[in-house]
Amino acid sequence: MNNITIGQYIPGNSILHRADPRTKLIATILYMVMLFVSDGPVGLACSAALLIAAVSTSKVGWKLVLRSLKTILIVVIFTAVINLLVIKEGTVLVNFWLITITTGGVFTTLRLIVRLFLLIMGVSLLTFTTTPISLTDGIETMFKPLNKIKVPVHDIAMMMTIAIRFVPPLMEEAGRITRAQASRGADYTSGGLMARVKGFFPILLPMIVGAFTRADQLADAMEARCYRGGEGRTKFNKLAFTKVDVYLTVILCLYTLAMILAKIFL
Amino acid sequence: MSIKVSNLSYTYQQDTPFQKEALYDLTFEIPDGQITAIMGHTGSGKSTLAQHFNGLLMPSTGTISVNDIPVTSKTLKQVRYQVGMIFQYPEYQLFDETVLKDIAYGILLRGISPEEAENKAKEAMKLVGLDPETHGNRSPFDLSGGQKRRAAIAGVLVMEPSILVMDEPAAGLDPEGRREILNLVQKLNKEKGITVVIVSHSVEDMAELADNILILNRGRLHAFGKPADILTDKESLEQAGLELPVATILMQNLAKRLPGLPTNAFTVEGAVEALIQYKGGQTNE
């Protein structure tokens with residue numbers, strides 16, 4: 001449980017850390033869309049350039065960004081192999097038994113790999129530089145207009161915030177209970193399927209009981225402080241666009257323009 | 001025998017930006033059949049060290065052995081037969097339908113018959129002062145806070161460990177519950193001959209209980225010795241973020257007004273005794 005890097009916030013004070021979560025969210029969504037709209041060599045090079053620039057300014061470090069790829073490596077390899085074998089365009093490179101590899105297949109596969117890698121690194125960069133709380137804050141503010149059509153935006157955002165807020169303590173608790181039961185001789189790695197499933201009860205049950213207790217306490221604490229939903233509620237930390245966001249928006253516009261031009265002319 | 005630690009260091013989340021060195025180069029030996037307290041300020045590495053004693057954490061460098069068995073991933077089972085581990089707030093680990101079943105969980109995994117397991121569980125309940133007749137078939141979640149904790153402790157004692165490691169066993173209990181747990185620790189040590197390692201930051205409790213005191217300060221071994229030496233050294237304790245026991249503070253302050261009063265008492269009884277003796281000495285003169 002010590003090696004979770006995807007979705008983890010890495011504290012820092014870079015331009016990307018300081019930018020408004022809404023800017024970062026829109027930037028990430030735009031980047032993702034552009035990766036699929038303009039997926040020629042020039043388009044991908046533009047996206048890669050943007051990512052490299054973003055990673056270096058974020059000061060998160062390439063090691064972590066690259067490590068985030070590990071989780072999807074199997075999926076990428078699997079899709080790549082399928083693509084390589086199924087696509088039959090251009091000249092034939094290899095023709096052996098049932099396997100036929102063509103130049104078209106190689107190009108498409110390469111493009112796919114680069115695109116997926118750029119996608120994952122971009123999204124991880126968002127979570128590396130944005131705390132979960134400010135991310136939900138950004139989402140809440142962005143989706144506020146949906147209130148008009150009776151979507152409970154605040155409630156959903158509050159639920160997300162609470163869920164995220166409880167991940168670390170629940171992980172800690174899971175670790176503690178696992179260690180305690182392991183000290184009593186618990187074993188979840190041997191025996192048949194049923195034995196293994198049963199082996200998890202001593203961890204799962206205390207976790208569920210604990211989660212309910214926490215939920216109760218939190219509900220009491222919120223009510224004691226007169227929480228009554230989102231209506232008329234103001235924010236302590238109001239999100240505000242700053243100079244940093246202006247810079248990022250300018251860069252983003254240039255990038256989008258380049259991507260669209262690349263799509264049309266190349 | 002007992003626990004031997006040499007040059008132990010431990011780093012959390014090695015090779016990540018969250019890398020944190022918790023223990024540095026610890027070497028010491030915990031004597032057999034005694035109560036040894038591990039003390040220190042919050043974050044000094046007490047709990048991290050305690051988890052090495054039964055192989056829940058493995059040293060980053062250095063070695064540790066328990067009853068002459070080196071603690072490695074291959075000897076885990078053997079080591080955990082010897083070392084019972086009671087975590088902070090052990091009541092959170094209760095899960096089974098009845099108190100007896102929960103207590104028997106650990107030994108049942110060792111493949112003994114259910115009848116024998118039940119008998120042992122009943123004995124363990126008596127040992128911690130819970131009545132098997134009235135509490136044995138109740139749900140562990142219906143017990144009071146102090147009872148839950150004792151039931152959880154029974155779940156470890158049922159395995160008859162020769163060494164018991166307890167992390168803040170009295171934390172969060174009322175004074176009566178505290179007293180009960182500390183008395184239980186003493187009883188286990190004196191009557192059952194169990195070697196007890198107890199993690200705590202209450203100097204008063206440890207003054208009463210411990211035979212030896214080990215003090216950690218920011219992951220380093222700060223002091224290790226008898227309570228009489230450790231708990232009367234104000235400067236050393238304060239360096240480690242701890243305070244003198246109230247009895248010692250009282251005696252040291254009294255000594256400023258009463259010349260000749262010995263200041264080496266560290267328990268309430270010791271202080272009372274020293275004061276009576278001092279008074280006796282004065283009236284005799």
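Which residue forms a salt bridge with Glu173(A)? In this predicted model, the partner is Arg214(A), with the closest N and O atoms 2.6 Å apart. Glu173(A) lies in helix H9 (residues 167–183) of chain A and Arg214(A) in helix H10 (residues 193–224) of chain A, so the pair ties together parts that are 41 residues apart in sequence. Glu173(A) counts as buried, at 4% relative accessibility. Arg214(A) counts as partly exposed, at 24%.

Over all chains, the count comes to eleven salt bridges. In chain B, one of them links the side chains of Lys120(B) and Glu160(B), at 3.6 Å from N to O. Lys120(B) sits in helix H4 (residues 114–127) of chain B, and Glu160(B) in the loop between H6 and strand E7 (163–167) of chain B, so this pair ties together parts that are 40 residues apart in sequence. Lys120(B) is partly exposed, at 24% relative accessibility. Glu160(B) is exposed, at 53%. Shared partners join Glu173(A), Arg176(A) and Arg214(A) into one salt-bridge network. A further salt bridge brings together the side chains of Glu97(B) and Lys101(B), at 3.3 Å from N to O. Here Glu97(B) is exposed, with a relative accessible area of 57%. Lys101(B) is partly exposed, with 41%.

The largest nonpolar core has 52 residues. Ile198(B) and Ile215(B) have the most contacts inside it. Helix H6 (residues 145–157) of chain B gives the most to this core, with six residues. A second, separate core of 31 residues includes Ile30(B), Leu57(B), Val79(B) and Met85(B). Beyond four places in sequence, Ile215(B) touches residues including Met39(B), Leu221(B), Ile230(B) and Leu242(B). Arg220(B) and His222(B) are also among the residues that Ile215(B) touches.

Helix H6 of chain B also holds Arg150(B). Arg150(B) is buried, with a relative accessible area of 13%. Its side chain makes a polar contact with the side chain of Glu180(B), at 3.3 Å. Apart from neighbours within four places in sequence, Arg150(B) is in contact with Val128(B), Gly129(B), Leu130(B), Glu180(B) and Ile181(B).

In chain A, strand E1 (residues 92–96) runs antiparallel to strand E2 (residues 99–102), joined by four bridges. Val94(A) has Ile101(A) as its bridge partner in E2(A). The two strands form a hairpin with two residues between them. In the turn, Trp97(A) has a positive phi of about 55°. Of the five residues of E1(A), the number buried is zero, so the strand lies largely in the open.

Key: Residues are numbered from 1 along each chain as its sequence is written. Chains are lettered from A and ligands numbered from 1 in the order in which they are written. This is a predicted model: local features need pLDDT of at least 70, side-chain atom pairs count only at pLDDT 80 or more; totals for chains, interfaces and linings use all residues. Side-chain values use heavy atoms; hydrogens and water are left out. Buried means under 20% relative accessible area, exposed over 50%, partly exposed in between (1.4 Å probe, protein chains only). Two strands pair if DSSP finds at least two bridges between them. A nonpolar core is a set of buried Ala, Val, Leu, Ile, Met, Phe, Trp, Tyr and Cys residues joined through side-chain atoms within 4.5 Å. Contact means heavy atoms within 4.5 Å. A polar contact is a pair of N or O atoms within 3.5 Å; within protein, one must be able to donate a hydrogen and the other to accept it, and residues adjacent in sequence count only if both atoms are side-chain atoms. A salt bridge is a side-chain nitrogen of Lys or Arg within 4 Å of a carboxyl oxygen of Asp or Glu.
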